[in-house]
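Have a look at the model first.

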Amino acid sequence: MQRAWDEYSCEGFYDELMVGPGTPRSGCEALAADLDALGADELAARQQAAEASIKEMGITFTVYSEEGGMIDRTWPFDVIPRAIPEPEWRRVEAGLKQRVQALNLFIDDLYHDQRIVKDRVFPRAVLEKSANFRPQCVGVDPPLGIWAHICGSDLVRDRDGTIYVLEDNLRVPSGVSYMLENRLVTKRVLPELFEHYAPLPVDDYPSQLFDTLAALSPRPAEYPEVAVLTPGIYNSAYFEHSYLAQQMGAELVEGRDLFVDDDDCCYMRTVDGPARVDVIYRRIDDLFLDPEAFNPDSILGVPGLLRAWKAGNVAMANAPGAGVADDKVVYAFVPEIIKYYLDQDPIIPNVPTYRCMEPDALKYVVEHIAELVVKPANESGGYGMIVGPAATQAERNKFVQLVKKDPRNYIAQPTLGISTVPTIVKNALEPRHVDLRPFILSADRQSVTMGGLTRVALRKGSLVVNSSQGGGSKDTWIIPEGAGEQSQVEAQAQTQSQSQS
């Protein structure tokens, strides 16, 4: 530990593994000792082995270039895992379930009685300008009353150790396949660590996802027909679409593979003739889902699909219209939403947020933009935002004009000192900033992945973790109490033996 960690400094941030140089965080002593025992050269060799495994396994993601083309890249991965003690995680798990339960009640209310608007808890002006509210879904009762069946909520930890929800992704959240592959790669290149620890498993996610989807089926059956609807091979998340379909034993289909017949049921074209589809895990945005109901120019969707869904003959996850809660302005109201529907305080807090639509907040944001992160309501992937401290004055001035022109479309937050994790950089360990995206499944029951996708900002000093912006990822370990104790005893005995000799 002394060799690897004496020079390691987290520079005033909360580090998930180390308190400071040479001092592991409580519960991480054995992990730090095991990593040290491997040595810098061996860790670098394991990193190279991980990168080779990722290429061999074909784990890729797609980014869109400025010229409009597409670039297929190998998934960026760092072999040092991020560890979270199980007792802390159980609180996070409860907070995520609470949050998604309230958001589902909120979505259902907006498409029915709109009580929260009538009671003036949620502003009507925000709803009227929502880019993702779908009038076509008003009055629809989806199975079990659930709209967002798969949610990916992004978490960050600030300097003082507080975990915050940074945003909620309820339209077509992605990244879970990389969480699963990260675990497989880590097991392959660091098998000895799994002898000492028993991080809670994530490999049951595909079966949990299938059970969630199956619970929505309109036809009682032991094994309903489930299909993953993808935009096709040119979509940036196509790897995930095909991976999850294969892992669940579901059909991977494009819009042209499906049709809605006169009976308002959805069918899949097969060599044996039409086969009825019960549940669609759709990875296509609302507006391209059904040219009859939304964008008439869409060639990605299925004509009549919304009609079949409204008739209750096919279930869709996530339900059309669920994105009304996938809005950063709506995010700013989630504490009030939880209080309104559940009469509870949020277990996991929001990042303090300024709603630019409010005059006092707008004035503050304009005057303090150099200190804030300002985000548009409906962009994702790190696009369209400004990090005030890292921006030029010209960039800040331009953004101030954008916010003033449409204040409802923006929120602002303080620049958090988000936590770090040791990361291999040129055969040395250096801190890099991370976030975490757990995935919450909701149907007849709720479940949360044991950890999630840890995304890491690979560039020194950067806070942007998105893979499309140069970020990478790590395996996330939820460590049961007592795990690694034997390894710690062995490490201490070895240290004493070396000092005596």
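Two strands count as paired if DSSP finds at least two bridges between them. Helices (H or I, at least four residues) and strands (E, at least two) are DSSP runs, numbered from the N terminus. Keep in mind that this is a predicted model: local features need pLDDT of at least 70, side-chain atom pairs count only at pLDDT 80 or more, and totals for chains, interfaces and linings use all residues. Residues are numbered from 1 along each chain as its sequence is written, and side-chain values use heavy atoms, with hydrogens and water left out.

**Strand 13 and its partners**
- Strand 13 pairs with strand 14 (residues 315–317) in the parallel sense, over 3 bridges, and Ile280 stands opposite Met316 in strand 14.
- Strand 8 (residues 226–229) is another parallel partner of strand 13, this time over 4 bridges; here Val226 stands opposite Val279.
- Both faces of strand 13 (residues 279–282) are covered, with Val279 and Tyr281 buried on one side and Ile280 and Arg282 buried on the other. Buried means under 20% relative accessible area (1.4 Å probe, protein chains only).
- Strand 13, helix 11 (residues 305–310) and strand 14 form a right-handed β-α-β unit; right-handed means that, with the strands pointing away from the viewer, the path from the first strand over the helix to the second runs clockwise.

**Cavities**
- The count is 2 cavities of 30 Å³ or more. A cavity is a set of points on a 1 Å grid over the protein atoms alone where a 1.4 Å probe fits but cannot get out, and lining residues have an atom within 4 Å of a point. Grid points are joined across faces, edges and corners, and a volume is the space filled by probe spheres set on the points.
- The largest cavity holds about 70 Å³, and Trp89, Arg157 and Leu436 are among its lining residues.
- Strand 6 (150–157), strand 5 (77–85) and helix 4 (86–110) each supply at least two residues of that lining, with strand 6 giving the most, 3 residues.
- By class, the lining of the largest cavity has 7 nonpolar, no polar and 2 charged residues (nonpolar: Ala, Val, Leu, Ile, Met, Phe, Trp, Tyr, Cys and Pro; charged: Asp, Glu, Lys and Arg; polar: the others, Gly among them).
- The second largest cavity comes in at about 30 Å³, and its lining includes Tyr281, Arg282 and Ala317.

**Helix 9**
- Tyr205, Pro206, Leu209, Phe210, Thr212 and Leu213 are the buried residues of helix 9 (residues 205–214).
- Seen down the axis of helix 9, those residues fall within an arc of 160°, so they line one face of the helix; the arc is that of the directions from the helix axis to the C-beta atoms.

Methods:
1 Å grid on protein atoms, 1.4 Å probe; cavity = no way out; pocket = protein on both sides within 12 Å on 5 of 7 lines; lining within 4 Å. Buried < 20%, exposed > 50% of the residue type's maximum accessible area, 1.4 Å probe, protein only.
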